[in-house]
Amino acid sequence: MILSNLPALQIVLPLLSAPACVIARRTPAAYAIAFVASWVAFVISCLLLWQVEHAAGGVISYHLGGWAPPWGIEYRIDSVNAYVLLIVAAIGAVVISYAGPSVASEIPEPKRYLFYTCYMLCLTGLLGVTITGDAFNVFVFLEISSLSSYILISVGKDRRALTASYRYLIFGTIGATFYLIGIGLLYQVTGTLNMADLASRIPALTGSRTVHVAFAFIAVGLAMKAALFPLHIWLPNAYAYAPSVVSAFLASTATKVSIYVLLRVYLTIFGPAFSIGSMGINYLLMPFAIAAMFVGSAVAIFQPDIKRMLAYSSIAQIGYMILGFSIATSLGVTAGILHLFNHALMKGALFLAMGCVFYRTGAVSIGSMEGLGRRMPWTMAAFVGGGLGIIGVPLTCGFISKWYLVSAAIERGWWWMAALVLLSSLLAIIYVWRVVEVAYFRPAPADAPSGEAPLLMLIPTWVLVVANVYFGLDTRLSVGVAARAAKALMGGG
Amino acid sequence: MNDWVGVYNYWIVVFLMMAGLYIVIARGNLIKKLVGLNVFQASVFILYISMGKIEGGTAPIIEPGIKVYTNPIPHVLILTAIVVGVATAAVGLALVVRINEEYGTIEEDELDELEEQERQT
């Protein structure tokens, strides 16, 4: 009974926990609810992945309220979204475990239960976007997650968090509305919102101007949501000034989910034959992806604020994910999806490490990090671990995704692209090394605060760092599922 | 000619859409930007509502004598989108109030200047 209703529980449990946090009101109770709900969501996502891997045809179709698709809303889970669900839920659970002390130091007591409420709403929204098989439902969940993330960002200590959040609100709403226009136009010509049903009707309509316009609107809207260069303007400040917990959570999940929707719309709904074959969306996105890789990394080098540096590095990493898609082979899409998974681990670890630094020293600027390697050895070791992943050093998961990206490029005979991927990785060495140099090779000022962050924060950080290394050595889960997911997407179903 | 005038509601949609987006981009006042955003969203609501309406169509009830139905689904979808729009406006306005408390201004260029000063110190 419970096992057959897992898809609904995946969404309903975190959703119900949000009002429960409001009712509980006291911070420890609200935190306990959010903590339990996040971990249960994680367990459910693991079970769902297991079910999908063993389901006939590799797809679970869940009809909400018993209404059969295409009339009712369908939750449709295949290896692609089971994989993304696992990423989102895992990061959600790890970050909430870390949240206690960090939130206590950054957010005033009376607001904390509302903070956890918004956190759970954001998690619900992201999981909902991923799990649903209904194009309009995607919009609704996208807005649930976005609205709660505007609030989460705006409670940052720095007053610039407010303007960052406002800017994100403007960009996010325009992006989501563009998506809504696209879906509306598709509904106009097909009369359906179910993704599988849309996919079966669109091939007959590929000559329609309406479909072409919808195609363009959705591309721009989702690129905005995913912060693909040059539509990334909202991202750096939003991640830099948000509370540490929020930066870590959003950086590893929000843009990934948008990229998932992009893949879903273009490969499942429009189908590779139309979107890649006749519209050539991959050639449209490719220059932007390459520009993102270089511009993001190059700007990151000059950022004095380390959280801002990591945010620019995220823009570059989004470039790699889109680049995988734009190679447009099964191997390329595998590389893109794989990087989605690996980047969530790496960026999560890096932002959590910065959260520890902020907790202890109250700043994350490069100037305040002198001698931090000795003052906070475990935290900085975690930062180095995540940084090695971003560079793509062997034995970390970053290496695996770069490896697949490079081999996908070479498989297409695009040597220049493989060279560009490697060149842009060199830029990552510079910005990671900059931090390492200051933290390890400069003496600490005499009056600098010393001592490690609490264990409650260090353990979740290290869980992600260890996962970083683990998925760099044992790739059966990450590559295996990513390859099956890519096959499901590229195989037209 | 009739083809162009007959779809006049879509012309309204296009006009509102462009006007709304233009206000968001061109105006520096944060409240005006939000108004522009709402106009932009409202245009999409009209787009959805227009496509569901059939001239002479009734509510979808099975009844003898009723032949033409109007599709209620786009209308219902837009109810959801209106709620989303209201929530967005509420969060946006709340943010503007907080920005005004912290910076003492809601003009974009003045905010940029203040933040630039903050970055240099």
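Visitor: Which residues in α3(A) meet α19(A)?
Guide: This is a predicted model. In it, V94(A), S97(A), Y98(A), G100(A), P101(A) and S102(A) are the residues of α3(A) that meet α19(A). On the α19(A) side they meet L456(A), M457(A), P460(A), T461(A), V463(A) and L464(A).
Visitor: Switching to chain B. How many helices and strands are there?
Guide: Chain B has five helices and zero strands.
Visitor: Is chain B spread out or compact?
Guide: Chain B is more spread out than a compact globule, because its radius of gyration is 21 Å, well over the 14 Å that the globule rule gives for 121 residues. Along the principal axes, its C-alpha atoms fill a box of roughly 75 × 35 × 15 Å.
Visitor: What share of its residues is buried?
Guide: Buried residues make up 24% of the 121 in chain B.
Visitor: How many residues of chain B are in contact with chain A?
Guide: 27 residues of chain B, and they are in contact with 23 residues of chain A. The elements of chain B that give two or more residues to this side are α3 (30–52), α4 (73–103) and α5 (108–120).
Visitor: Which one gives the most?
Guide: α4(B), with 14 residues. By class, the side of chain B that touches chain A has 18 nonpolar, four polar and five charged residues.
Visitor: So how does α4(B) pack with α6(A)?
Guide: Helix α6 of chain A, residues 160–190, packs with α4(B) at an angle of about 165 degrees, the axes being 10 Å apart. That makes α6(A) roughly antiparallel to α4(B). This crossing is left-handed.
Visitor: Which residues meet there?
Guide: From α6(A), they include L162(A), Y166(A), L169(A) and Y187(A). From α4(B), P74(B), V91(B), L95(B), R98(B) and E102(B) are among them. The contact of α6(A) with α4(B) has ten nonpolar, five polar and two charged residues.

Key
Residues are numbered from 1 along each chain as its sequence is written. Chains are lettered from A and ligands numbered from 1 in the order in which they are written. This is a predicted model: local features need pLDDT of at least 70, side-chain atom pairs count only at pLDDT 80 or more; totals for chains, interfaces and linings use all residues. Two residues are in contact if their C-beta atoms, placed from the backbone, lie within 7 Å. Helices (H or I, at least four residues) and strands (E, at least two) are DSSP runs, numbered from the N terminus. Ala, Val, Leu, Ile, Met, Phe, Trp, Tyr, Cys and Pro count as nonpolar, Asp, Glu, Lys and Arg as charged, and the others, Gly among them, as polar. Axes are lines fitted to C-alpha atoms, for helices over the stretch in contact, and angles run from 0 to 180 degrees between N-to-C directions. Angles under 35 degrees count as roughly parallel, over 145 as roughly antiparallel, 65 to 115 as roughly perpendicular and the rest as oblique. A crossing is left-handed if the near helix is turned anticlockwise from the far one by less than a right angle, and right-handed if clockwise. The radius of gyration is taken over C-alpha atoms; the globule rule is 2.2 Å times the number of residues to the power 0.38. A residue is buried if 20 or more other C-beta atoms lie within 10 Å of its own, exposed if 12 or fewer, and partly exposed in between; C-beta atoms are placed from the backbone.
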